[in-house]
Amino acid sequence: MKHDKSQAAFERARRLIPGGVNSPARAFGAVGGNPIFFHRAEGAFLHDVDGNRYVDFVGSWGPMILGHRHPAVVEAVEAALARGTSFGAPTEAESELAQLIVDAVPSVEKVRLVNSGTEATASAIRLARGATGRARIVKFAGNYHGHVDSLLVAAGSSAATLAVPDSPGVTLGTSKDTIVLPYNDTQQVVDLFQEQGDRIAAVICEPVVGNMGCVPGTPEFLTMLRQLTMHHGAILIFDEVMSGFRVAYGGAQSRLGIVPDVTTLGKIIGGGLPVGAYGGRAEIMDHVLPAGPVFQAGTLSGNPLATAAGIATLRVLRDSDAYARLESLSAQLADGLSRAAVEAGIAHTIGRCGSMMTLFFKGEPVVNWDGAKQCDTKRFAAWFWALLERGVYMPCSQFEALFVSTAHVPDDVEATVAAARAALAELSDK
Ligand SMILES: *Cc1c(COP(=O)(O)O)cnc(C)c1O
């Protein structure tokens, strides 16, 4: 496989854009080597600038649950385009997308649209602090909530050290009200609330983590978060930017039957265009300006093109057998990868919830960030490149989830498993 044009495109980009990319996960930093530049996508496939084709399991990091250029989404965006790209004034489409979200997500009675997942979590934190009059936020190591200053602490694939910000530019003052605990560890949350429950504004978590690789929260852990926050008057925020409309139409909360106070969304609800959202009980959401005093605004929020793509995507998901098909394709992929790793004698474990999953190069199940960090990331890098050369585009980090879309068919999965078998045989020390 040739990558000459990607190479040239990256060299140019590096002169103009920091690191050559507009988001760091794209730079292949965790696997070494240079990123591939793409120019077209269709269904389950990506086409790069050198004319290579790949089965896509990145799905733009989550949004493309229907695959690329789904006809219903293309049609909706084209129709919106013909009517104007931005009004900075209310449209009926915003209520239509809000209605779809309210109908689907158990915790959401009212919802505010924003432009990214980061905006959604930043706004949800401000709302929680504004509504409770408290400052402290509890988050979990290895959970990523976008690049919100106060949440850039132990945020998954970035460097994680307890209570120290992950990034220069985030002051200790900003992160000092953020408490980081290990994921899936119930006792530590119980102890913390016993000590300072009345000072905690919110607990934020990914109910199914995607950002240390796929690590589902245990029902006991998430149930305890619900009980403790309720008891102490703190707000429970489920960050479902990735898991919302992914692990089930109503998100992880509908799978688990646990209803948080506030939910953040993004990715899928924009159908591949920039959208985020935060929503919850009306009584909480009515703290937001202009209904209440907590400030939050956006010039392009509720943008007609993004809203149209989101509405079209959610309607297809709602009105089809998408989740049954995703489950069956994902089980087929997980089984195939697992059998291939067993054949090659490679220590592994698979984290999966519906159509998001990770093949971890580690012998025992991964339940938290300390465990994730023990994976053989060198072996992961070799696996990534061996698959890429065989026309399979996987996330370029051990600490990211892969995504199956409704555009994949069983033959795509079978071909991927065959590529995986060949790739893993190459890495085997048998
Ligand atoms: C992707 C993601 C975000 C950030 O969303 P952006 O649109 O990239 O700002 C926040 N939380 C979770 C759980 C995510 O997966």
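The following exercises, each with a worked solution, concern the predicted model shown above.

In this predicted model, local features need pLDDT of at least 70, side-chain atom pairs count only at pLDDT 80 or more, and totals for chains, interfaces and linings use all residues. Residues are numbered from 1 along each chain as its sequence is written, and side-chain values use heavy atoms, with hydrogens and water left out.

**Exercise 1. The overall fold**

Task: State how many helices and strands the protein has, and explain why its radius of gyration agrees with that of a compact globule.

Solution. Step 1: Helices (H or I, at least four residues) and strands (E, at least two) are DSSP runs, numbered from the N terminus. The protein has 14 helices and 16 strands.

Step 1: The radius of gyration is taken over C-alpha atoms, and the globule rule is 2.2 Å times the number of residues to the power 0.38. Because the protein has 430 residues, the value for a compact globule would be near 22 Å, and the 21 Å of the protein agrees with this.

Step 2: The C-alpha trace spans about 55 × 55 × 45 Å along its principal axes.

**Exercise 2. Burial and contacts**

Task: Determine what percentage of the residues is buried and what percentage of the contacts with a separation of 6 or more links residues 24 or more positions apart.

Solution. Step 1: Buried means under 20% relative accessible area, exposed over 50%, and partly exposed in between (1.4 Å probe, protein chains only). Of the 430 residues, 55% are buried.

Step 1: A contact means heavy atoms within 4.5 Å. Among contacts with a separation of 6 or more, 72% are between residues 24 or more positions apart.

**Exercise 3. An open sheet**

Task: Give the order of the strands in the open sheet of four strands, and identify which strands are its edges.

Solution. Step 1: Two strands pair if DSSP finds at least two bridges between them. The order is E1-E2-E3-E15, with mixed pairing.

Step 1: Strand E1 (38-42) and strand E15 (392-393) each pair on one side only, and they are the edge strands.

Step 2: Strand E2 (residues 45-48) and strand E3 (residues 53-56) run antiparallel and are joined by three bridges. In this pairing, His 47 stands opposite Arg 53 in E3.

**Exercise 4. Leu 192**

Solution. Step 1: Leu 192 is part of helix H6 (residues 186-196).

Step 1: Beyond residues up to four places away in sequence, Leu 192 touches Val 138, Ile 179, Leu 181, Gly 197 and Ile 200.

**Exercise 5. Backbone geometry**

Task: Identify which residues a cis peptide bond joins, and give the value that phi of Lys 267 is near.

Solution. Step 1: Most residues other than glycine have a negative phi, and most peptide bonds are trans.

Step 1: Leu 289 and Pro 290 are joined by a cis peptide bond, with omega about 5°. Pro 290 lies in the loop between helix H9 (282-285) and helix H10 (304-319).

Step 2: Lys 267 has a positive phi, near 45°. Lys 267 is in the loop between E11 and strand E12 (276-280), and it counts as partly exposed because its relative accessibility is 25%.

Step 3: Trp 61 also has a positive phi, near 70°, and is placed in the loop between E3 and helix H2 (71-81).
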